[in-house]
Amino acid sequence: MVGDEARGEMNTFQRNESKESLFTFISTGDDPPKGDFHVQKKSPKLCGSNYPLSIAFIVVNEFCERFSYYGMRAVLTLYFISFFHWDENLSTAVYHAFSALCYFTPVIGAIMADSWLGKYKTIIYLSIVYVVGHLIKSVGAIPSLGNQAVHVVLSMVGLFLIALGTGGIKPCVSAFGGDQFEEEHTSERSKFFSVFYLSINAGSLISTFVTPVLRGDVKCFGEDCYALAFGVPAALMVLALVVFIAGSGLYRKTPPQGNVLLEVCKCIGFAIKNRLKNRSHQIPKRDHWLDWASEQYSKQLIAEVKMVTRVLFLFLPLPMFWALFDQQGSRWTLQATKMNADFGIYVLQPDQMQFLNPLLILVFIPIFDLGLYPLISMCKFNFTPIRKMATGMILAGMAFGLAAIVEVKINETDMPQLVPKESLIQVLNLAKNPVQVTIQDQNLFQQPVEAFQNPDEYSHLILNGEQQSLRFILQHQGSSLAFNYTVKEKSVYSLIVFEAEGSLSSRLITDLEAKPENGLAAVRFINGLSQDVNLTIDSKQFIPVQRNYGVSGYSLVERDTYDNGKCITETGEFTLDLGLLDFGASYTVVITNVSGGAVQTWKSEDIKANNVHMAWQLPQYLLISAGEVMFSITGLAFSYSQSPASMKSVLQAGWLLTVAVGNTLVLVVAQAAPMAQWAEFVLFTVLLFAVCIIFSIMGYFYVSVDPEDLEEKEEKRETPSRGNMISLVTQKTKL
């Protein structure tokens with residue numbers, strides 16, 4: 001356990017923590033354990049300093065573990081959508097269910113470490129579970145291994161084991177590092193926690209940038225390489241375990257000392273049970289409901305639990321902040337897939353935008369601590385911890401307000417949402433002269449369609465049922481031709497008009513109903529030649545298209561400039577230049593002629609490319625990261641300052657549970673109330689602002705206390721006389 005001198009240094013670290021709660025559930029305020037701890041040999045030092053050599057293994061272990069966790073989580077939402085073909089709501093729900101589980105399981109790790117195995121063995125055993133989960137998850141991402149049911153089962157089992165592993169070791173590693181220092185080396189311990197914190201953010205920063213590259217830029221099995229994107233984090237977790245075990249002979253290992261969290265839960269449970277059993281008006285009332293635990297628990301423990309419950313009550317509104325914050329890896333990543341990611345010198349993957357959060361946190365902490373907060377203090381404004389946390393909530397709400405605005409702009413390039421008895425149609429005139437198109441019972445295309453005219457947008461067809469046979473009349477150079485086509489509701493069509501054997505002809509073909517997912521481009525070909533062609537866009541695409549205006553299916557390709565394609569005909573092989581196929585666009589490419597060793601083409605953009613740049617997400621990341629610094633770091637420092645030293649582990653449990661509950665809220669909203677994405681962002685904004693008001697009111701009436709003063713005051717309070725206790729039903733209950 002960490003001794004009294006280390007306690008203050010851990011609080012310093014707690015003020016610098018942001019990515020997650022790192023502090024042990026393991027009785028951080030306990031006195032140094034009795035027994036053989038004092039006779040353990042001293043650990044070798046680093047380069048003649050007072051830093052134990054063992055901490056090098058712990059810091060490297062933490063860096064690798066955080067790389068492993070955040071790297072895997074960065075690509076998780078797109079994995080569900082692209083690999084499992086789940087919809088956005090289900091993918092978001094499962095992502096947040098996993099995140100919630102990661103913040104419920106630290107309680108299990110704390111109980112294992114405090115009551116059974118000790119910190120060292122708990123880290124070892126749960127790290128093995130962690131590694132197994134990663135390996136199962138990586139194997140489940142291999143497309144050739146079984147069907148989708150097998151992939152889903154393997155992935156869910158892997159995610160469960162990962163959640164158990166990462167959550168279980170969370171309350172142990174930082175405290176285990178603190179255990180390595182001797183009591184007189186408090187300044188070194190403080191610096192260790194700073195390095196420990198930096199290793200967390202470094203692992204998060206690097207992994208959230210690298211693993212999306214492994215997913216999107218590396219291809220395996222003919223598609224995005226999720227097996228590699230999960231495999232590299234798995235390898236880092238194996239390395240983390242190996243490094244941690246390698247330092248085994250250098251560690252100072254303390255035996256389990258008992259779990260304060262369990263003791264607090266038992267005390268609260270006993271007080272409630274005792275009060276319910278003694279509801280008679282003849283039994284004297286007590287000043288506080290926790291006083292009903294005095295038959296079996298000491299006055300000191302009851303007083304400390306009272307202090308903790310006051311702070312836990314303030315925690316009640318906090319999950320809403322985390323409900324917004326953790327959507328960076330789900331809803332915001334999905335938003336990025338519908339944006340233009342070309343930054344000129346580099347094309348960013350949509351899931352890479354998450355690296356902005358750890359980067360901004362590292363930048364904001366010194367700016368806030370050394371610049372903003374002192375400046376506010378100079379202005380004589382009392383910027384209390386409650387006000388800082390409320391400001392953090394407001395910033396997060398503003399971030400989601402901006403996300404809603406960005407989403408509205410993104411939707412402007414989306415295909416219209418079709419309703420029953422409605423379809424969309426456009427005309428592609430591939431003839432040499434203008435054509436006037438008239439459709440039965442429809443008032444469309446008032447002007448003739450010019451030859452190779454790129455349509456501005458689709459026109460709406462209103463049907464009289466689920467499907468309808470419509471008569472299309474084409475007027476061309478004084479002649480009129482009629483064609484009948486059956487049109488189905490909620491479908492998108494292109495009417496291609498062309499000349500065949502000296503006369504006008506037409507064909508109704510089905511188009512895409514929505515934008516290609518994940519920023520891909522879709523392209524299809526119409527062969528206007530009198531011979532069959534075989535096309536290659538890149539080395540992996542082979543597309544046969546029949547002669548005389550045969551139409552290929554759609555091919556999904558990465559956004560790129562395709563100027564080295566091939567067109568193989570009966571007369572030879574020719575160069576195919578398609579130009580830029582942009583993010584989220586759908587194209588129809590008509591092969592019109594072959595001359596000069598190259599294929600002549602005409603390209604129509606059926607669905608507009610993503611025209612909102614991904615850089616527009618930067619303001620929302622700036623706001624939510626600033627909100628995290630004000631909310632998370634301040635909240636930890638405040639809550640820990642308001643609790644007795646022996647109860648800090650209980651407060652950490654409560655803090656982590658607010659994160660878990662926040663992720664559960666997103667899961668519920670995604671599944672129970674599906675709505676337009678911009679509307680969902682507005683909903684979360686309004687909810688957080690409402691919760692912020694409630695939290696501010698609660699904070700206004702909260703009276704800040706010094707835990708030591710409250711303990712002294714509690715000691716002076718008179719307790720019910722023993723005579724009053726004799727008649728209580730619960731007197732016989734044993735602890």
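Q: Is tyrosine 226 buried or exposed?
A: In this predicted model, local features need pLDDT of at least 70 and side-chain atom pairs pLDDT 80 or more, while totals for chains, interfaces and linings use all residues. Residues are numbered from 1 along each chain as its sequence is written, and side-chain values use heavy atoms, without hydrogens or water. Buried means under 20% relative accessible area, exposed over 50%, and partly exposed in between (1.4 Å probe, protein chains only). Tyrosine 226 has 3% relative accessibility, so the residue counts as buried.

Q: How many aromatic pairs does the structure hold?
A: Rings of Phe, Tyr and Trp (its six-membered ring) pair if their centres lie within 6.5 Å; planes under 30 degrees apart are stacked, over 60 edge-to-face, and the rest tilted. By that rule, the number of aromatic pairs in the structure is 45.

Q: What kind of aromatic pair do phenylalanine 83 and tyrosine 226 form?
A: The ring centres are 6.4 Å apart. The planes make an angle of 70 degrees, and the pair is edge-to-face.

Q: How many residues apart in sequence are the parts that phenylalanine 83 and tyrosine 226 tie together?
A: Helices (H or I, at least four residues) and strands (E, at least two) are DSSP runs, numbered from the N terminus. Phenylalanine 83 lies in the loop between helix 3 (76-82) and helix 4 (88-104), and tyrosine 226 lies in helix 9 (residues 226-246). So the pair ties together parts whose separation in sequence, in residues, is 143.

Q: Is phenylalanine 83 buried or exposed?
A: Look at the relative accessibility of phenylalanine 83, which is 10%. At that value, phenylalanine 83 counts as buried.

Q: Which helix holds phenylalanine 244, the aromatic partner of phenylalanine 176?
A: Phenylalanine 176 and phenylalanine 244 form a tilted pair, 5.7 Å centre to centre, with 55 degrees between the planes. Phenylalanine 176 lies in helix 7 (residues 148-179), and the pair ties together parts 68 residues apart in sequence. Phenylalanine 176 is buried, with a relative accessible area of 1%. Phenylalanine 244, also buried at 1%, lies in helix 9.

Q: Which ring has the charged end of lysine 170 over it?
A: A charge sits over a ring if NZ of Lys or CZ of Arg is within 6 Å of the ring centre and within 35 degrees of the ring normal. The charged end of lysine 170 is 5.0 Å from the ring centre. The ring belongs to tyrosine 103.

Q: How many salt bridges does the structure hold?
A: Side chains of opposite charge can pair when their charged atoms come close. A salt bridge is a side-chain nitrogen of Lys or Arg within 4 Å of a carboxyl oxygen of Asp or Glu. The number of salt bridges in the structure is 15.

Q: How many residues apart in sequence are the parts tied together by arginine 559 and aspartate 342?
A: The two side chains meet in a salt bridge (3.0 Å, N to O). Arginine 559 lies in the loop between strand 14 (555-557) and strand 15 (560-562), and aspartate 342 in the loop between helix 13 (331-336) and helix 14 (356-378). So the separation in sequence of the parts they tie together, in residues, is 217.

Q: Which strand holds arginine 524?
A: Aspartate 511 forms a salt bridge with arginine 524, with the closest N and O atoms 2.7 Å apart. Aspartate 511 lies in the loop between strand 9 (503-510) and strand 10 (521-527). Aspartate 511 is buried at 5% relative accessibility, and arginine 524 is buried at 1%. Arginine 524 lies in strand 10.

Q: How far apart in space are serine 604 and asparagine 454, C-alpha to C-alpha?
A: Serine 604 lies in strand 20 (residues 598-607) and is buried at 0% relative accessibility. Contact means heavy atoms within 4.5 Å; leaving aside neighbours within four places in sequence, serine 604 touches residues including Asn454 and Tyr587. Serine 604 and asparagine 454 are 150 residues apart in sequence. In space, their C-alpha atoms are separated by 5.6 Å.

Q: What share of the residues of the chain counts as buried?
A: The chain has 20 helices and 20 strands. Of its 735 residues, the share that counts as buried is 55%.
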